[in-house]
Amino acid sequence: MKRLRLRVRGQVQGVGFRPFLHGLAHRLALTGWVLNDGAGVLAEVQGEALQRLLTALVKEAPPLARIDAVETAECPVRPDEAGFAILASHSGAVTTGVAPDAAVCPACLAELFDPEDRRYRYPFLNCTHCGPRFTITRGLPYDRPWTAMAAFPLCQECAAEYADPTDRRFHAQPTACPACGPRLSHAIEEVLAALRSGRIVAIKGLGGFHLACDAFDAAAVERLRARKQRNGKPFALMVANAVSAERFVEVRAAERALLEGVARPVVLLRRRETPTLPASRAPSLPRCAGEGLESPPLRSGGGLGRGPVRTLPDAIAPGLDWLGVMLPYTPIHHLLFHEDAGRPDGTVWLERPQDLALVMTSANPGGEPLAIGNDEARRRLDGIADLIVDHDRDILIRADDSVMRVVAGAPVFLRRGRGHAPAPIRLPCAGPPVLAVGGHLKATVCLTRGDEAFLSQHIGDLDNAATLAFLEESVAHLRRILALEPVAVAHDLHPDFQSTRFAESLGLPTLPVQHHHAHIAAVLAEHGVNGPALGLALDGFGLGADGGSWGGEMLLVESTRFTRLGHLAPLAQPGGDVAARQPWRMAAAALARMGRGAEIAERFAACGPAEGVRRMIEAGINTPPTSSCGRWFDAACGLLGVRAVAGFEGEAPMALESLVRRPTVLEGGWRIDNGVLDLTPLLESLLQINAQEGADRFHGTLAAALVDWAMPELAARGLDRIALSGGCLMNAVLAKGLSAGFAARGVIALLPRQAPANDGGLSLGQAWIAMQSLLQEGPLPCASPFPPA
């Protein structure tokens, strides 16, 4: 007979861990108690089967639990103790966290579609294993009074379930039923009728409102695109299940696991090919006059499901070979598909193809944060949504859907949000709490605690007041739920970024971090690398340590320092920043670099002021040089006629990636001179081939050139791994090519997995560098107290 005190750390609150431990103790005839406190779960357990309990604690943990550590200490036996109790929560220093929101679990779905259940078709059912968490939580410990459910007193039946340790809803803080819980503003059948009639409907979800329409209604999709002023950005698609998705996209095992997981992100999937697609469905790619290039292969849905397959309008993802697809994750979503299917009993129907497909996009006017409040939605979505479907459960923090894809055999983030934030990323070592505020585009913030980094949900581009306010709101919310006061704040080196100015306004010691140093540091942090490492940072723009425009960098990173060992050959940017949105300008710069500047005016006459651009380049006026890998992508797109002008950041390279079928390598397609990688021979070869062949050649040759460029530096330092990051690594073809290329040379390529490769991961790298700086230099004095949350 022994008695142990257990401290369980990790994601163990709000996930059913106490009733799980209670059930284990009864099964193993153990006595004692368990409670929640600021550090996680604390328990004392007594009996003869303690080792069996410790094993089962990890192997049989609830589905949403994440156990980081189980600490044990012997304590005196209590011979007269009987039974096992779940005690009231204790407060104290918070060292645990809040679980991310989770999709409806199978047990709740069974209740949702059971006509005999008291929660039949109730839009807000959930239990300990599913439902809202992060987006309804004000603070810790995670108890109902600290959530948006505080306004909904439990009815007698729900209270009995909540208090019963053997019930699936024991201390499930968001639990409710039709008698005591939130209510939807419109009947599900009314919402579906509006969607079927071509109306645009705003639907309140977990982290904010979606704008939805019938995905097969081309006019509705075009209307939504126009009202949102979304340019050519792709929309996400929601379908009932994976077999329904397979009518339109290819779904492999790893992708299906992502689609069906508890996080339910948007997953980028390749469209199915249909060679009989009508010509009217051909992607419309802007081209310059006189190029005569072939169009890319046509894409559509096809093959599976009931009856004739309806094709999706190209306006969902114009000219792209990939679709963002997600499955329902709230009861409201499921009820729409259930209604469309004719209200069948049970859940078997969810294993079969269903006809309904919905466009689901964030409910926000042009670049602003998504709407979360009912009054806010009516105000901000006026003129965009024809119908607003809300409810009376508040959303306390915004969280866009996560967006993921499978790259080199494993998932990566394109955007980290609902379902994953604020799950911590484990760091190589512990340090003082620091805040990092990211860059300007795709901003996130990061707050560290010990050896954990809490990366926020996607915030967005900081080019309007509303998004900057969301940045401040996200910092305050993270501080509140983690009960942390940072001692320093890290930010980008660029002095004019709004995030930099925000950092400087906090009255804390500040640490500027070079953009590409942060990109590489983020990868090293998540992979637990704490020593010298080589990295390739491949992106669009970052202010260099020399004040120039960087973006294709080979760096040696040594803790808080880095050395620039090489870079891509510089290209002129005619017109400065405008060249990033007009790939034809970068193509003109490439022609000038080839010594073929005389061809610029004729080749690009239909694209813009081509003769003026030629003169700018020749005179060196307003043509700042850049080593950006993204601008080399743009030059290739312009030369191949894939995009002359881009409607949004990254559109041209995305279209180029969509054309790739089998990457090829051009022999002699690059030159390396004194650490500078020059891809001019590759670009010159693109002038003689069509877009399809050019996309294959550009991707394959670029990957081979980058491997060839880095290998001598790796060998010289005896390194067998390399960190890869930056927005260009969002390109699955390039990431896969680099991973395979380095592997063939005996080098491990470390890819971003827990944070986005683009600027959404910058704050993680900044935080890791700042923490190491404080560990090396000692604590820094605070200029003034941190502003109150």
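Let me start with R133. R133 is buried, yet has no salt bridge. The nearest side chain of opposite charge, D101, is 6.8 Å away. Buried here means under 20% relative accessible area, exposed means over 50%, and partly exposed is in between, with a 1.4 Å probe and protein chains only. A salt bridge is a side-chain nitrogen of Lys or Arg within 4 Å of a carboxyl oxygen of Asp or Glu. For charge, Lys and Arg count as positive, Asp and Glu as negative; His and the chain ends are not counted.

A word on the model. It is predicted: local features need pLDDT of at least 70, side-chain atom pairs count only at pLDDT 80 or more, and totals for chains, interfaces and linings use all residues. Residues are numbered from 1 along each chain as its sequence is written, and side-chain values use heavy atoms, with hydrogens and water left out.

Back to R133. Where is R133? In the loop between α3 (106–112) and α4 (156–163). Helices (H or I, at least four residues) and strands (E, at least two) are DSSP runs, numbered from the N terminus. What does R133 touch? Leaving aside residues up to four places away in sequence, its contacts include G14, L64, V98, D101, Y142 and P174. Contact means heavy atoms within 4.5 Å. C127 is on the list too. The backbone oxygen of C127 lies 3.4 Å from a polar atom of the R133 side chain.

R121 is in that loop between α3 and α4 as well. Its phi is near 55°, a positive value in a residue other than glycine. R121 counts as buried, at 12% relative accessibility. Now Q229, also not a glycine, with a positive phi of about 55°. Q229 sits in the loop between α6 (218–228) and β8 (236–239). Q229 is exposed, with a relative accessible area of 62%. Most residues other than glycine have a negative phi, and most peptide bonds are trans. On the peptide side, A421 and P422 are joined by a cis bond, omega about 5°. P422 lies in the loop between β14 (410–415) and β15.

That brings us to the sheet with β15. Five strands, open, in the order β15-β17-β16-β18-β19, with mixed pairing. Two strands pair if DSSP finds at least two bridges between them. β15 (425–431) and β19 (510–513) stand at the edges with a single partner strand each, so one side of each has no neighbour in the sheet. Neighbouring strands are turned by 30° against each other on average, direction ignored. Axes are lines fitted to C-alpha atoms, for helices over the stretch in contact, and angles run from 0 to 180 degrees between N-to-C directions.

Look inside. β16 (residues 434–436) and β18 (residues 488–492) pair in the parallel sense over 3 bridges. A436 has A490 in β18 as its bridge partner. Helix α13 (residues 515–526) packs on this sheet, touching β15, β18 and β19, at about 100° to β15. Helix α11 (residues 465–482) lies across β16 and β17 (446–455), at about 150° to β17.

Next, the other sheet. It is open, with 5 strands in the order β4-β1-β3-β2-β5 and mixed pairing. Its edge strands, β4 (66–74) and β5 (84–86), pair on one side only. Here neighbouring strands are turned by 15° on average, direction ignored. β1 (residues 2–11) and β3 (residues 40–47) are antiparallel over 7 bridges. K2 stands opposite G47 in β3. Helix α1 (residues 17–27) packs on the sheet, touching β1, β2 (31–37), β3, β4 and β5, at about 175° to β5. Helix α2 (residues 50–59) lies across β1, β3 and β4, at about 10° to β1.

Last topic: charges. How many salt bridges are there by this rule? The count comes to 53. One is E649 with K442, at 2.4 Å, N to O. E649 is in the loop between α17 (629–640) and α18 (651–659) and K442 in the loop between β16 and β17, so the pair ties together parts 207 residues apart in sequence. E649 is partly exposed at 40%, and K442 is partly exposed at 24%.

D678 pairs with R671, closest N and O atoms 3.0 Å apart. D678 is buried, at 10% relative accessibility, while R671 is partly exposed at 44%. And a network of salt bridges links R66, D68, R426, R449, D451 and E452.

How values were computed: A polar contact is a pair of N or O atoms within 3.5 Å; within protein, one must be able to donate a hydrogen and the other to accept it, and residues adjacent in sequence count only if both atoms are side-chain atoms.
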